[in-house]
Amino acid sequence: FGIPAVWVLPEQRQRAEAAGYTVVEPQAVLSTHLMEIIREHAAELLTRQNVRELLDSLKDTHAALVDDLVPGKLALGVVHRVLQRLLRESIPIRDLATILEVLSDASDHTKDAEALTEHVRRALAPVIAALLAPPGQPIRALTVGPRLEVALMQFFAPRAREGHSQLEPDELTQLLHELNRLTTAERRDGQLPPLVTPPGLRIGIRRMVEPILPRLPVIALNELPPQTPILNLGTWELQRAH
């Protein structure tokens, strides 16, 4: 997780613990690293054949749901891409029945994997909230400032591609550097605080920050249960007014 660490000899364990260090066994360190690598590459490790096997297993309890969705409403490849997108942002796919139910309903309106994934994320709001904070505790997060929200709305709008965006390349670079500074300053136990965004900006912001902060959770407000307490650690804001 990028946390400073030191090696100690077995006979120094008690002394280290008395000094306030958290002492872990080498095997635990190794297994933690291995699990983090697997989690980081879970989307690549999930094959289409794996998805087929998951669906076949789910048929034992949800046969009608599986048969109705694949291939009736969505191709197996689309379901595969949705699950990969969830895993790429560290969203568990254990509740496959809920995921498929959402896909079944949303597939009447779109077949696009990206749009379908956003529908699923909203349905998994309790799961996302549980990943970010223990029950009963506020989510420690960064938020998007009002000036930046307006500027990004304009930047991601279709007309921005026609040269009407007010955000300049240098300004975007400065914004990303500032976000990196904010997240680094509020890092806790090696984990980055989530960036909570307005719903309409989540996908665009995620694409924008992924190259420099691939592990930063980018969460839309409507992906959290209602009345979820949020502790604002800092605001990602545009310095100049537009």
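A residue is called buried when its relative accessible area is under 20%, exposed when it is over 50%, and partly exposed in between, using a 1.4 Å probe and protein chains only. By that scale, aspartate 108 is exposed because its relative accessibility is 57%. The structure is a predicted model, in which local features need pLDDT of at least 70 and side-chain atom pairs count only at pLDDT 80 or more, whereas totals for chains, interfaces and linings use all residues. Residues are numbered from 1 along each chain as its sequence is written, and side-chain values use heavy atoms, with hydrogens and water left out.

**Overall architecture**

- The protein has 11 helices and four strands, where helices (H or I, at least four residues) and strands (E, at least two) are DSSP runs numbered from the N terminus.
- The C-alpha trace spans about 65 × 55 × 30 Å along its principal axes.
- Of the 242 residues in the protein, 39% are buried.
- Among contacts (heavy atoms within 4.5 Å) with a separation of 6 or more, 73% are between residues 24 or more positions apart.

**Surface and charge**

- The accessible surface, from the Shrake-Rupley method with a 1.4 Å probe, comes to about 14400 Å². Carbon and sulfur atoms account for 55% of that surface.
- The protein carries 26 positive and 30 negative charges, whose mean positions are 2 Å apart. Lys and Arg count as positive and Asp and Glu as negative, while His and the chain ends are not counted; each charge is placed at NZ of Lys, CZ of Arg, CG of Asp or CD of Glu.

**Helix α7**

- Alanine 115 lies in helix α7, which covers residues 113–123. This alanine 115 counts as partly exposed because its relative accessibility is 27%.
- Between alanine 115 and glutamine 49, the C-alpha to C-alpha distance is 23 Å, and the two are 66 residues apart in sequence.
- Glutamate 118 is also placed in helix α7, but glutamate 118 counts as buried because its relative accessibility is 10%.
- Leaving aside residues up to four places away in sequence, glutamate 118 touches Arg202, Ile203 and Glu223. The C-alpha atoms of glutamate 118 and glutamate 223 are separated by 8.9 Å, although the two residues are 105 residues apart along the chain.

**Salt bridges**

- A salt bridge requires a side-chain nitrogen of Lys or Arg within 4 Å of a carboxyl oxygen of Asp or Glu, and by this rule the count is 20.
- Lysine 73 pairs with aspartate 108 in a salt bridge whose closest N and O atoms are 4.0 Å apart. The two residues are 35 residues apart, with lysine 73 in the loop between α4 (48–69) and α5 (76–88) and aspartate 108 in the loop between α6 (96–106) and α7. Lysine 73 counts as partly exposed, at 26% relative accessibility.
- Glutamate 89 forms a salt bridge with arginine 121, with 3.4 Å between the closest N and O atoms. Since glutamate 89 lies in the loop between α5 and α6 and arginine 121 in helix α7, the pair ties together parts 32 residues apart in sequence. Arginine 121 is buried, with a relative accessible area of 1%.
- Arginine 202 also forms a salt bridge with glutamate 89, the closest N and O atoms being 2.9 Å apart. Arginine 202 lies in helix α11 (residues 202–209) and glutamate 89 in the loop between α5 and α6, so this pair ties together parts 113 residues apart in sequence. At 2% relative accessibility, arginine 202 is buried.
- Through shared partners, salt bridges join Glu89, Glu118, Arg121, Arg202, Arg206, Glu210 and Glu223 into one network.
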